[in-house]
Amino acid sequence: MNCMPSKNIWIRRQQCPCGDWKCYVTYEGDSEETSLAAQLVKNDTSTSEAMVSPYVGMVFKNDDDAFEYYGNFARKNGFSVRKERSRLSPQLGIYKRDFVCYRSGFAPAKKKLTGDHHRDRKSVRCGCDAKMYLSKEVVDGVSQWFVVQFSNVHNHELLEDDQVRLLPAYRKIREADQERILLLSKAGFPIQRIVKVLELEKGIQGGQLPFLERDVRNFVQNRKKVVQENDALITEKRENDTLELLEACKVTKEADEDFVYDFTVDENDKVEHIAWSYGHSVEAYTMFGDAVYFDTMYQSITYGMVFGAWLGIDNHGRIVFFGCVLLQDEAPRSFSWALQTFVRFMRGRWPQTIITDLDPGLRDAITSKLPDSKHVISLWNIFPKVSSWYSVSLGSRYAEFRSELDVLYRVESTEGFELQWNQMISIYGVSTDKHITLLHSFRASWALCYMRGCFVARMGTTDYLKSIEAFLKGVFSTQTCLRSFFEQVGISATFQNQACREMQYMHTKTCIPIEENARSILTPFAFNALQHELVLAMQYAVSEMPNGSCIVRHFKEIDGERLVIWIPEDEHVHCSCTEFESSGLLCRHSLRVFILKNYFHLPDKYYLNRWRRETSLDFYDPQIAQNCDDEWYQHYQCLAETLFTESSLTKERSEYVQREVTTHLTRILNEVRNMPESEGVAMDLTFSPAGGEFQKNRWKTGNFSVAYRLDILPMYTCKRQQGMPNQSMVKSPPICLVGKPGWKWGVRGDIVPVAMLDLLLLIAIALW
């Protein structure tokens, strides 16, 4: 069943969590360039600062381009234009065009019929002589339009920027806005609220839309019949597209047994909610499912459905896709079903922490269905709402109010938080405000004093949250039917979870042995975070207490001392800042104590598996490992691991290894190619039918096998790496040499030349 392309616009949910239908939220971080609605406004209101005034002899490809150019020039200069006359010839067709100012000429006198009542509208035409005349000529067989007359002399006052947009020529309701207006009108929204919703969605001030309220009213009245027809069409489209989405899930399940999905139906046996996840997502959850971000910020205008995505963070600090859901509404019952389904997809394992938006219904669902998970709300999701609530009412005091909230966020004791909270709401006169009451009711999920020790795996950083925005915008880039949206989600999820990691050099900044040891264990992302703390640890002084614990103070700051409990028998350290419990990486205070205790490397328990190098999403086929020669495999693995570890310590070592390995592999490859070809080598190049399925494709000879993950290989072919213009490049596919996943001579996920890929394959065969 083929899906017909149609527009499906995804926008951020604007409804305020306070529950008042009149209250909406705007987002300061929304970029006009990346918002479809705002892009339409931008196209309506912006013109080029460097626009050149038309002149005699100016050339255009066609008359439409000329009219558009003259219109943009007119808008920037405070007037509008219209098409007046054209001339036609049998040979050239239309060969002359006259464009004039909207106030050109005079209105003809109208005869009034006796007994009829007509509004006596005053004409705006005043005989203005501003104009641009064009003539068409054929030059070398190509038609071109030349400006033959131009005048910019007006006999009337030109309008300012905030006035010119209100001229009838510029008060256009774009198609996307028309669709939104019709949907809101169908839902019973009054005209005033429709205008307010559009302003909020575009993130603009009141009265700045490219059309007036009366234009919306006239449009709705003229399209009332169309609204009724659209109601039936949209309902039918939603039902058909939902069934197509369900059919796509069934087909994917048949092709990929690891794919999981579920759905519910309403009392009319119509599909209500639907959720799905992929095999690689479930496997990733087993490694990185300790903290989950459940994003429910976007909804579809066309389908009226809320999109929820379960995301995580891997050991490289990148997004991991766990699954997603489409919900018909935002009721607690719907969120409860989504959470139950997600836990079932993840084989019954719930996360330690779940991070969400500020939503009472979602909070109730988490409390009911995930009672053992800590609920966290990021300030990233709170501050845009605070800005909408108070930036206008508090005026110039809002910046100070925002700073007070920042201070409250970092207060360390619950008693201090409550005291300062009461003082703040009293000073700013918001003690009875419904929004401040709502924010206070969620304090256990956003204030640090209530969340101390809650594991979030560094998912609260600005970089990570921005990467989520970028990922979701990539998912929503396809404005088509649900089946195409399902395919786009699959592509984005597979690419995100299986994207190869670029190899990075990790330079040391101190001479401390702990740093050298950590570099050999942690991923670059985790190591950089630990290294930052290690550098800052040098700025702290330590005072030992009789019981063995320590007080750690900054050498300049008087306040902010930390108590570090030290238990030497267990090599256990606990800092009052609880950074390790929160991120899984030791803080500067604990590191300072380990340095004081003359530790050359940290105890193994302080290197969590989720941050280690060996924790990987690479493909693994246990059957290959069972069939391989264990002794040869272990020897090869040991050599490759040692080579990779030693060469990554310095750039000089890495360059030497790359140079020498290339030389020797080229020599051996040439020798292998001169050998007689052996028979009985089978090659299976069947591609996986599903985006996330790992199809095992091997060359086999004896007990040796090489496996590819071919399903993602086509995505990376025909790339050229900067600085190597003459060498064809591909991002190397995950290769499994005799059962070991991801090994490419110990280099995981780096970019290698095609020729080098051939060398790595053939040298392994030759050695065997």
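**View 1. Salt bridges of the predicted model, with the pair Asp215 and Arg171.** The structure holds 22 salt bridges, a salt bridge being a side-chain nitrogen of Lys or Arg within 4 Å of a carboxyl oxygen of Asp or Glu. In one of them the side chains of Asp215 and Arg171 meet, at 2.7 Å from N to O. Asp215 belongs to helix α6 (residues 213–222) and Arg171 to the loop between α3 and α4 (175–186), so this pair ties together parts that are 44 residues apart in sequence. Both Asp215 and Arg171 are buried, where buried stands for under 20% relative accessible area, exposed for over 50%, and partly exposed for what lies in between (1.4 Å probe, protein chains only). Helices (H or I, at least four residues) and strands (E, at least two) are DSSP runs, numbered from the N terminus. The model is predicted, and local features need pLDDT of at least 70, side-chain atom pairs count only at pLDDT 80 or more, and totals for chains, interfaces and linings use all residues. Residues are numbered from 1 along each chain as its sequence is written, and side-chain values use heavy atoms, with hydrogens and water left out.

**View 2. The salt bridge between Asp262 and Arg344.** The side chains of Asp262 and Arg344 meet in a salt bridge of 2.3 Å, N to O. Because Asp262 lies in strand β7 (residues 260–265) and Arg344 in helix α9 (residues 332–345), the pair ties together parts that are 82 residues apart in sequence. Asp262 is partly exposed, with a relative accessible area of 21%, and Arg344 is partly exposed, with a value of 46%.

**View 3. The salt bridge between Glu533 and Arg588.** Glu533 and Arg588 form a salt bridge in which the closest N and O atoms are 2.9 Å apart. This pair links distant parts of the chain, with Glu533 in helix α20 (residues 524–537) and Arg588 in helix α22 (residues 588–596), 55 residues apart. Glu533 counts as buried, at 13% relative accessibility.

View 4. Thr296 is found in strand β9 (residues 291–300) and is buried, with a relative accessible area of 1%. Leaving aside neighbours within four places in sequence, Thr296 is in contact (heavy atoms within 4.5 Å) with Arg13, Val306, Phe307, Gly308, Phe335 and Leu362. The C-alpha atoms of Arg13 and Val306 are separated by 8.3 Å, although the two residues are 293 residues apart along the chain.

**View 5. A nonpolar surface patch around Met545.** Met545, Leu563, Ile565 and Ile567 make a nonpolar surface patch of about 270 Å²; patches are made of residues with over 30% relative accessible area and no salt bridge, like charges being joined within 9 Å and nonpolar side chains (Val, Leu, Ile, Met, Phe, Trp, Tyr) within 5 Å. Accessible areas come from the Shrake-Rupley method with a 1.4 Å probe, and for residues only the protein chains shown count as cover. Met545 is found in the loop between β14 (540–544) and β15 (550–554), whereas Ile565 has its place in strand β16 (residues 562–567). Met545 is partly exposed at 33% relative accessible area, and Ile565 is partly exposed at 34%.
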